[in-house]
There are 2 protein chains.
Amino acid sequence: MTKRLGRGSDSDSRNEATGTGREPFRDRSGRSLQDYPRPSVAVDTALLTVGPSGGDGTGSPELLVLQVRRPAGGWALPGTFLHPGERLIDAVLRSLREKAGVTGASPRQLHVFDDPDRDERGWVLSVAHADAMPLARLAGAIDGDGARSAPATSPGSLPYDHAEIVRAAVRQLRHRYASAPDPDRFLGPSFTLRELRLVHEAVAGHTLQKDTFRRRMESALVPTGRISSGTRGRPAELFRRARRVSTPGGP
Amino acid sequence: MTKRLGRGSDSDSRNEATGTGREPFRDRSGRSLQDYPRPSVAVDTALLTVGPSGGDGTGSPELLVLQVRRPAGGWALPGTFLHPGERLIDAVLRSLREKAGVTGASPRQLHVFDDPDRDERGWVLSVAHADAMPLARLAGAIDGDGARSAPATSPGSLPYDHAEIVRAAVRQLRHRYASAPDPDRFLGPSFTLRELRLVHEAVAGHTLQKDTFRRRMESALVPTGRISSGTRGRPAELFRRARRVSTPGGP
DNA sequence: AAAATAGTGTCTGTGAGACACTATGTT
DNA sequence: AACATAGTGTCTCACAGACACTATTTT
């Protein structure tokens with residue numbers, strides 16, 4: 001193996017992406033950065049929520065993913081191209097606002113899809129994002145005909161890597177819900193342990209034992225004095241999320 | 001809040017980044033994708049390893065990160081610009097090969113850094129990557145003067161977001177080492193439990209109890225019949241990593 | 001002999017999982 | 001009364017953490 005240290009021997013004399021030179025970048029042929037082909041960069045977002053399963057609204061809550069109608073027909077995750085000078089997160093917020101009327105999201109990056117042939121229109125990288133919010137904040141959009149929610153575990157036919165994005169978003173959501181009570185606030189400020197458990201079952205994709213679940217969550221909950229009413233069976237105490245679970249030295 | 005469903009009202013009529021139209025993309029002003037400004041895309045990689053601490057080589061192993069010399073002076077993580085039609089992972093492999101003579105890495109994406117002002121040379125996104133490999137595979141590069149290894153928890157002065165990349169890489173490595181014996185093969189095919197523990201201590205950044213560590217790792221190890229020799233104290237049995245820990249239904 | 005390392009026995013505490021039981025409301 | 005739900009008691013199992021002890025080699 002030939003050792004090649006320091007400056008590379010091809011026309012790319014760059015040493016790190018963050019850039020350090022105050023001087024305008026020129027390679028040995030005198031061309032600047034602007035003379036090389038660059039990819040378009042897009043963002044796509046899997047926005048998850050929980051809502052009643054099926055069309056009847058009777059069953060247990062279910063994990064759903066927001067989809068928007070494509071001009072070409074069919075459905076896809078909301079996305080857009082990154083505009084000049086724009087942050088990725090702002091492009092995501094813009095796509096959610098303009099395509100689905102959704103505001104106030106806090107999307108997180110998932111993965112960059114970079115197959116040069118993944119988009120027929122040209123060289124397009126896509127930075128996948130994920131977020132979750134209560135169904136009520138999507139209801140306005142879904143009532144129209146430009147957006148819908150579909151079961152996240154069987155999202156129907158999605159183009160290209162969108163199904164993979166949804167899977168990664170679900171995986172991340174499950175990881176977050178494994179250690180905290182409803183961190184994405186699908187429920188309001190106070191709730192019974194049954195309501196909390198049904199939400200966590202929707203996220204986990206399977207049922208949870210009520211006694212184990214209660215004992216695991218109780219340390220992260222604060223009892224309000226109040227009692228639920230209007231339901232079948234014995235009324236239950238209402239809880240709210242604890243301010244902060246003390247994790248000294250945590251990230 | 002104004003509901004805006006379906007097609008957005010600005011010039012960006014794109015509905016998802018993956019692209020579905022067979023027709024060349026044109027917006028309402030008739031411009032194609034090629035007419036919009038696009039960012040340069042770079043990759044930067046934190047390549048971690050474990051090696052003797054300090055210059056003397058006497059102490060316990062320590063977590064190290066590969067750095068390359070910058071033309072402007074100082075040190076940085078290896079990186080390069082993404083070439084047309086190239087995959088991100090291939091750009092990473094190319095930068096490691098040309099800047100540090102390292103081959104055979106399996107980098108994973110960490111995060112996209114997207115501050116429009118992070119690089120004085122222009123609009124540059126950087127996709128941070130991380131990987132780890134045994135020190136022996138870096139030794140050739142580090143022997144030269146174009147590359148060095150530095151303690152990963154105090155990597156010296158690194159430009160821009162490189163320190164953040166190293167922190168994220170260390171976090172990811174610790175998470176992986178918490179559940180498996182030396183998954184990145186810093187050690188050879190067989191090793192004593194002491195050697196394994198010292199490597200895991202280097203990754204974790206603190207000492208581990210030998211009895212607890214042994215009992216936790218034993219289920220993922222297979223005893224070879226052989227016994228270590230040439231060390232102080234009682235010789236120890238040599239183990240190798242188990243083929244696969246059975247995790248039925250796992251990802 | 002002293003030091004260094006390998007390997008094991010044992011106790012304690014925590015927490016998940018499972019089963020069963022009591023308590024209190026609605027229909 | 002029947003049913004649905006809330007909440008708790010209790011047992012078992014697994015495992016981490018900690019301490020102590022024995023075993024075997026080098027120096």
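In the predicted model described here, helix H3(B) buries His162(B), Ile165(B), Val166(B), Ala169(B), Val170(B), Leu173(B) and Tyr177(B), where buried means under 20% relative accessible area, exposed over 50% and partly exposed in between, with a 1.4 Å probe and protein chains only. Viewed down the axis of H3(B), these buried residues fall within an arc of 135°, so they line one face of the helix; the arc is that of the directions from the helix axis to the C-beta atoms.

Where does H3(B) meet H4(B)? The axes of H3(B) (residues 162-177) and H4(B) (residues 193-204) come within 9 Å and cross at roughly 145°. Axes here are lines fitted to C-alpha atoms, for helices over the stretch in contact, and angles run from 0 to 180 degrees between N-to-C directions. Leu173(B), Arg174(B) and Tyr177(B) of H3(B) make the contact with Val199(B), His200(B), Val203(B) and Ala204(B) of H4(B), contact meaning heavy atoms within 4.5 Å. Leu173(B) and Tyr177(B) also belong to the buried set of H3(B).

Turning to chain A, its H3(A) (residues 162-177) has 16 residues and reaches 23 Å from first C-alpha to last, close to the 22 Å expected. Buried in H3(A) are His162(A), Ile165(A), Val166(A), Ala169(A), Val170(A), Leu173(A) and Tyr177(A). Down the axis of H3(A), they fall within an arc of 135°, so they line one face of the helix. Arg167(A), Arg171(A) and His175(A) are exposed on the other side.

Chain A as a whole holds five helices and nine strands, helices (H or I, at least four residues) and strands (E, at least two) being DSSP runs numbered from the N terminus. Of its 251 residues, 48% are buried.

Residues are numbered from 1 along each chain as its sequence is written, with chains lettered from A and ligands numbered from 1 in the order in which they are written. Local features need pLDDT of at least 70, side-chain atom pairs count only at pLDDT 80 or more, and totals for chains, interfaces and linings use all residues, while side-chain values use heavy atoms, leaving out hydrogens and water.

Methods. Expected span 1.5 Å × (residues − 1).
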